[in-house]
Amino acid sequence: RMSSPVIDLLGPSLLTRVDLKKSTKERLQDKDLVMLYFSAAWCGPCKAFTPILTKFYKDCAKEAKLEIIFVSSDRDIPSFNAYYEKMPWLAIPATEGSAAIKNNLANTLQITGIPTIIVLDAKTGNYITDKAREEVMASSSSSDGDAKAKGLNLVETWKKIESVPIEEAAAKRAESVPKRSMLMSLVMHIAKNPIWIFGLIYIYKRFMKYAQTAGEDTPDMIENDGNVNNGQEF
């Protein structure tokens with residue numbers, strides 16, 4: 001079987017629903033655009049945006065020949081399954097080997113935060129835009145009838161953008177994305193791993209208890225120092 005740039009990026013199979021895989025080539029063969037949706041159940045803004053994206057997808061996907069693929073940052077399979085079962089599109093499987101695919105996508109496309117949507121040409125795998133999240137939200141703010149029309153018009157504007165190789169676009173994206181400070185990186189790490197919060201609380205409580213105990217011991221230490229100064233020997 002011949003490979004393609006998109007299959008090389010996404011892997012040979014995709015989920016169509018929880019625990020049901022289909023061939024990537026088969027599911028994307030008649031599509032013009034692929035929207036990679038970087039998201040996770042633990043991310044509040046993602047959970048708020050997913051219903052908006054769902055309506056956009058139901059309004060526009062079939063007519064506009066586009067497909068959305070969920071690229072999960074969930075920490076475990078139950079979280080992934082519970083989140084993905086509410087989505088009508090495809091997903092990279094939460095199975096062995098999928099972490100390497102998702103990490104490669106995130107690193108190649110310079111993903112620094114979620115939710116993020118990257119639009120690719122479904123035939124070549126070339127990069128089109130990283131502004132899709134903001135644009136979908138803007139198009140969805142109209143009344144129901146206008147929202148569909150605006151969504152379809154939006155897709156047509158994407159199709160008219162000259163696509164470029166992913167590596168070239170990613171380099172430009174990296175230049176335009178502000179570098180994260182060490183503090184911001186730490187905050188994001190803690191947000192993804194809440195167990196650290198409990199650890200920090202525990203350390204803080206131990207420190208406060210130690211400080212309180214040390215404060216109570218200070219008068220005795222002063223008295224002992226005074227005794228030493230008065231010439232007492234031990």
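The following legends describe close-up views of a predicted model of one protein chain.

**Figure 1. Overview of the predicted chain and its confidence.** The protein chain contains ten helices and seven strands. Of its 234 residues, 36% are buried. Among contacts between residues at least 6 apart in sequence, 68% join residues at least 24 apart. The mean pLDDT of the chain is 83, and 77% of the residues reach 70 or more. Where pLDDT is low, the predicted coordinates should not be read in detail.

**Figure 2. The largest nonpolar core, with 32 residues.** Met35, Tyr37, Leu53, Phe56, Leu66, Trp89 and Trp158 touch the most other members of this core. At least two residues each come from strand 3 (33-39), helix 3 (44-64), strand 4 (66-72), helix 4 (77-84), strand 6 (116-121), helix 6 (132-140) and helix 7 (144-160). Helix 3 gives the most, with eight residues. Leaving aside residues up to four places away in sequence, Leu53 touches Met35, Tyr37, Ile68, Trp89, Ile117 and Val136. Apart from this core lies another, of 21 residues, which includes Val6, Leu36, Leu105 and Leu109.

**Figure 3. The crossing of helix 3 and helix 6.** The axes of the two helices come within 10 Å and cross at roughly 65°. The crossing is left-handed. Helix 3 contributes Pro45, Phe49, Ile52, Leu53 and Phe56 to the contact, and helix 6 contributes Arg133, Val136, Met137, Ser139 and Ser140. The buried residues of helix 6 are Ala132, Val136 and Ser139. These residues cover an arc of only 65° around the axis, so they lie on the same side of helix 6.

**Figure 4. Met137 in helix 6.** Met137 has a relative accessibility of 36% and therefore counts as partly exposed. Not counting residues up to four places away in sequence, Met137 touches Phe49 and Ile52. Met137 and Ile52 are 85 residues apart in sequence, yet their C-alpha atoms are 7.0 Å apart in space.

**Figure 5. The buried and exposed sides of helix 5 (residues 98-108).** Ser98, Lys102 and Leu105 are the buried residues of helix 5. Viewed down the helix axis, these residues fall within an arc of 60°, so they line one face of the helix. The elements that cover them include helix 1 (5-10), strand 3 and strand 4. The face turned away from the buried side carries the exposed residues Ala100 and Asn107.

**Figure 6. The loop between helix 5 and strand 6, with Gln110 and Pro115.** Gln110 is partly exposed, with a relative accessible area of 31%. Pro115 lies in this loop as well, and a cis peptide bond joins Ile114 and Pro115, with omega about 0°.

**Figure 7. Ser39 in strand 3.** Ser39 has 0% relative accessibility and therefore counts as buried, the cut-off being under 20%. Neighbours within four places in sequence left aside, Ser39 is in contact with Cys46, Thr50, Phe70, Val71, Ser72, Ser73, Tyr83 and Ile114. One of these contacts, Ile114, is joined to Pro115 by the cis peptide bond.

**Figure 8. Lys65 in the loop between helix 3 and strand 4.** Phi of Lys65 is near 55°, a positive value in a residue other than glycine. At 43% relative accessibility, Lys65 counts as partly exposed.

**Figure 9. Glu26 in helix 2 (residues 24-28).** Glu26 is partly exposed, with a relative accessible area of 47%. Glu26 and Leu14 are twelve residues apart along the chain, and their C-alpha atoms are separated by 9.9 Å.

Methods:
Residues numbered from 1 in each chain as written. Predicted model: local features only at pLDDT ≥ 70, side-chain atom pairs only at ≥ 80, totals over all residues. Heavy atoms only, no water. Core = buried A, V, L, I, M, F, W, Y, C linked by side-chain atoms within 4.5 Å. Buried < 20%, exposed > 50% of the residue type's maximum accessible area, 1.4 Å probe, protein only. Helix = DSSP H or I, 4+ residues; strand = E, 2+ residues; numbered from the N terminus. Contact = heavy atoms within 4.5 Å. pLDDT = per-residue confidence, 0-100. Arc of directions from axis to C-beta. Axes fitted to C-alpha atoms, helices over the stretch in contact; angles between N-to-C directions. Left-handed = near helix turned anticlockwise from the far one by under 90°.
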